[in-house]
Amino acid sequence: MWEEVANNNLSWTGFLCCLVKVCVEDGPRKYNLENTIMTKKTLTLVERKLAVLDWFNGLQDVAPNERFIESIAKDECYTSKNSLDYKKRMLADRLADYENAAEQKQHIKMDALQKLIDNVEDELALLETRHEADLSVYEQVTGKSWEAAPKKTRPVSMSKERLAALKARVA
């Protein structure tokens, strides 16, 4: 017996299968690709990220609430910003190492650092693209632009012993 199953998964190559028939008899599953329409449209990164959120929104037995979808988009913004900040710090450190090696005329070390800097620079460009896509998705989902929350500092707490000693000193 063949049963129709809608396949709404977007593959990473940009192909979209519209209809898949699955054999549900005993034994291993058999797939029959009937009436399958393939498109060559390559999806943008933003479209792919929106498709992931659509998957969470529409293909579950219980549809999640809006805040859940917004939280996924927000998490992606935080993750991409943290990755971007990490690579920027890494690049700054490697540039400082390169300058030190140049001052000391360590040509072999300079060559190795140059290759590493080139790789980190390429990765930085990809991470910038990823973060821009995440910001765009967040804005499309929520209607407002995302901003990183300021880092919270833990309030300084004085030990009870020191507080008691200071009170005794001024009394």
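Reader: Where is the place of D134?
Author: D134 sits in helix α3. Keep in mind that this is a predicted model.

Reader: Is D134 buried or exposed?
Author: D134 is buried, because its relative accessibility is 2% and the cut-off for buried is under 20%.

Reader: What does the side chain of D134 make a polar contact with?
Author: With the side chain of S80, at 3.0 Å. Setting aside neighbours within four places in sequence, D134 is in contact with K49, E76, C77 and S80.

Reader: And the other end, where is S80?
Author: S80 belongs to helix α2. S80 counts as buried, with a relative accessibility of 0%. Not counting residues up to four places away in sequence, S80 touches R130, H131 and D134.

Reader: Stepping back, how many helices and strands does the protein chain have?
Author: Four helices and three strands. From the N terminus on, the order is β-β-β-α-α-α-α.

Reader: What share of the residues counts as buried?
Author: 22% of the 171 residues of the protein chain. The chain exposes about 13300 Å², and carbon and sulfur atoms supply 54% of that area.

Reader: Charges next. How many salt bridges does the structure hold?
Author: Five. Among them is the one between the side chains of E123 and K87, at 2.4 Å, N to O. That pair links distant parts of the chain, with E123 in helix α3 and K87 in helix α2, 36 residues apart.

Reader: Which other salt bridges can you describe?
Author: One joins the side chains of D85 and K81, at 2.8 Å, N to O. Both residues lie in helix α2, four residues apart, about one turn of the helix. D85 is partly exposed at 24%, and K81 is partly exposed at 26%.
Author: Another joins the side chains of R94 and D97, at 3.2 Å, N to O. Those two also lie in helix α2, three residues apart, about one turn of the helix. R94 is partly exposed at 22%, as is D97 at 27%.

Reader: Rings now. How many aromatic pairs does the count come to?
Author: One. Y78 and W146 form an edge-to-face pair, 5.0 Å centre to centre with 90° between the planes.

Reader: Why does that pair tie together separate parts?
Author: Because Y78 lies in helix α2 and W146 in the loop between α3 and α4, parts that are 68 residues apart in sequence. Y78 is partly exposed, with a relative accessible area of 30%, while W146 counts as buried at 11%.

Reader: What else is in that loop?
Author: E147 lies in the loop between α3 and α4 and counts as exposed, at 64% relative accessibility.

Reader: Which residues make the nonpolar surface patch with M158?
Author: L163 and L166, and the patch is about 240 Å². M158 itself counts as partly exposed, at 44% relative accessibility.

Notes
Residues are numbered from 1 along each chain as its sequence is written. This is a predicted model: local features need pLDDT of at least 70, side-chain atom pairs count only at pLDDT 80 or more; totals for chains, interfaces and linings use all residues. Side-chain values use heavy atoms; hydrogens and water are left out. Patches are made of residues with over 30% relative accessible area and no salt bridge: like charges are joined within 9 Å, nonpolar side chains (Val, Leu, Ile, Met, Phe, Trp, Tyr) within 5 Å. Accessible areas come from the Shrake-Rupley method with a 1.4 Å probe; for residues, only the protein chains shown count as cover. A salt bridge is a side-chain nitrogen of Lys or Arg within 4 Å of a carboxyl oxygen of Asp or Glu. Buried means under 20% relative accessible area, exposed over 50%, partly exposed in between (1.4 Å probe, protein chains only). A polar contact is a pair of N or O atoms within 3.5 Å; within protein, one must be able to donate a hydrogen and the other to accept it, and residues adjacent in sequence count only if both atoms are side-chain atoms. Contact means heavy atoms within 4.5 Å. Rings of Phe, Tyr and Trp (its six-membered ring) pair if their centres lie within 6.5 Å; planes under 30 degrees apart count as stacked, over 60 as edge-to-face and the rest as tilted.
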